[in-house]
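Let's read a protein model together, one feature at a time. Have the viewer open as we go.

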Amino acid sequence: MYTTELGKADSIVNVESEELIEAFEARVAADEFIEPKDWMPEAYRRTLVRQISQHAHSEIVGMLPEGNWITRAPSLRRKAILLAKVQDEGGHGLYLYAAAETLGTSRTQMIEALHSGKAKYSTIFNYPSPTWADIGAIGWLVDGAAIMNQVPLQRTSYGPYARAMVRVCKEESFHQRQGYEIMMTLAAGTPEQKRMAQDALDRWWWPAIMMFGPPDDQSPNTAQSMRWRIKRDTNDELRQKFIDATVPQADLIGLRIPDPDLRWNEATGHYEFGEIDWEEFFAVVRGEGPVAKERLAARRQAWDDGAWVREAAEVHEAKRLERERRLAA
């Protein structure tokens, strides 16, 4: 999708003169897209590689809690929908790795950083999915939070990232509706099914609102990312939007948000909510989530199992290039 630009970033002169920085800042302030061939500060490039690769890792790791339910989904229709969703997530990872590659970092480097623990992915995927209702909660809450975060990224300052997000957001909107439909069906079912839905909501609610990252006053990257238009909204702004949108959805299907401090503030036009357990959040970031070790082990195993495919592709490409060289001679 974007790999035609791969390598161009390496040819750009890397001297950060005052004039170049001022011109760059002016373009960003004017809401112009920065493209791979354009000059950019190294700090901007590093920030983008970190954010886009983390986003790509999250899409790929995010296939795991749902993938183990494909064969156990309660009907053929549910199996087909879930399979399509997992395939979508793999495609999102592909788009994003390709976008990050235009910044001069190879996919292999990004994946090695993930496997070594140097690179991070969304903490939400370090929680287990023990029941079918979890698949509904993941679609409704996790993909709902992702949409809230990703829609503004369609206007992020780096062109390849912004363009990748257009398709990603369209597909994520289907995922969110699919998850909500599962929860709606369970909530309208037997008492046991409704209890299952409520249990899933109880377990996923707080991790979902942690997805937006730490509070703004504890987020070291937010201010600079906002200045560079990489981000368009702060963590706390996005979190509030998500809560305001999601609470009425829970009320509509008769489920209860697991927050005794949740209340509507007529004066502000927003829901007030309880204290988030940030100690849990940072513990999961450190790799202490309930299934963090299993998730990373699964990704490493998949990478090792796919080595023969990558090797075969490299041999095929070498032969193709050799044929072209001979024809051109």
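Predicted model: local features only at pLDDT ≥ 70, side-chain atom pairs only at ≥ 80, totals over all residues.

Q: Thanks! How many helices and strands does the protein have?

A: Helices (H or I, at least four residues) and strands (E, at least two) are DSSP runs, numbered from the N terminus. Here there are 13 helices and two strands.

Q: What does the radius of gyration say about the overall shape?

A: The radius is taken over C-alpha atoms, and the globule rule is 2.2 Å times the number of residues to the power 0.38. For 329 residues, a compact globule would come out near 20 Å; the protein has 22 Å, which agrees. Its C-alpha trace spans about 75 × 50 × 30 Å along the principal axes.

Q: How much of the protein counts as buried?

A: Buried means under 20% relative accessible area, exposed over 50%, and partly exposed in between (1.4 Å probe, protein chains only). By that rule, 48% of the 329 residues are buried.

Q: And what share of the contacts joins residues at least 24 apart?

A: A contact means heavy atoms within 4.5 Å. Among contacts between residues at least 6 apart in sequence, 78% join residues at least 24 apart.

Q: Which residues touch the most other members of the largest nonpolar core?

A: A nonpolar core is a set of buried Ala, Val, Leu, Ile, Met, Phe, Trp, Tyr and Cys residues joined through side-chain atoms within 4.5 Å. The largest one has 49 residues, and Trp 204, Trp 205 and Phe 242 touch the most other members. Two or more residues come from each of α4 (76-101), α6 (132-150), α7 (159-187), α8 (191-210), α10 (235-252) and α11 (278-288). Another core, of 28 residues, lies apart from it; Val 28, Tyr 95, Leu 96 and Ala 99 are among its residues.

Q: What is Trp 204 in contact with?

A: Leaving aside neighbours within four places in sequence, Trp 204 contacts Ile 124, Tyr 127, Pro 128, Asp 134, Ala 137, Ile 138, Leu 141 and Val 142.

Q: How should I read the buried residues of a helix such as α5?

A: An α-helix has 3.6 residues a turn, so residues three or four places apart point the same way. In α5 (residues 107-116), the buried residues are Met 110, Ile 111, Ala 113, Leu 114 and His 115. They pack against α2 (42-61), α4 and α12 (292-305). Just after α5, Gly 117 takes a positive phi of about 90 degrees.

Q: Where is Asp 31, and where is Arg 229?

A: Asp 31 sits in the loop between α1 (18-29) and α2, and its phi is near 65 degrees, a positive value in a residue other than glycine. Asp 31 counts as partly exposed because its relative accessibility is 45%. Arg 229 is in the loop between α9 (222-227) and α10, with phi also near 65 degrees. At a relative accessible area of 25%, Arg 229 is partly exposed.

Q: Last one: what does Lys 194 touch?

A: Lys 194 lies in helix α8. Not counting residues up to four places away in sequence, Lys 194 touches Leu 186, Ala 187, Gly 254 and Leu 255. Its relative accessible area is 34%, so Lys 194 is partly exposed.

Technical notes. Residues numbered from 1 in each chain as written. Heavy atoms only, no water.
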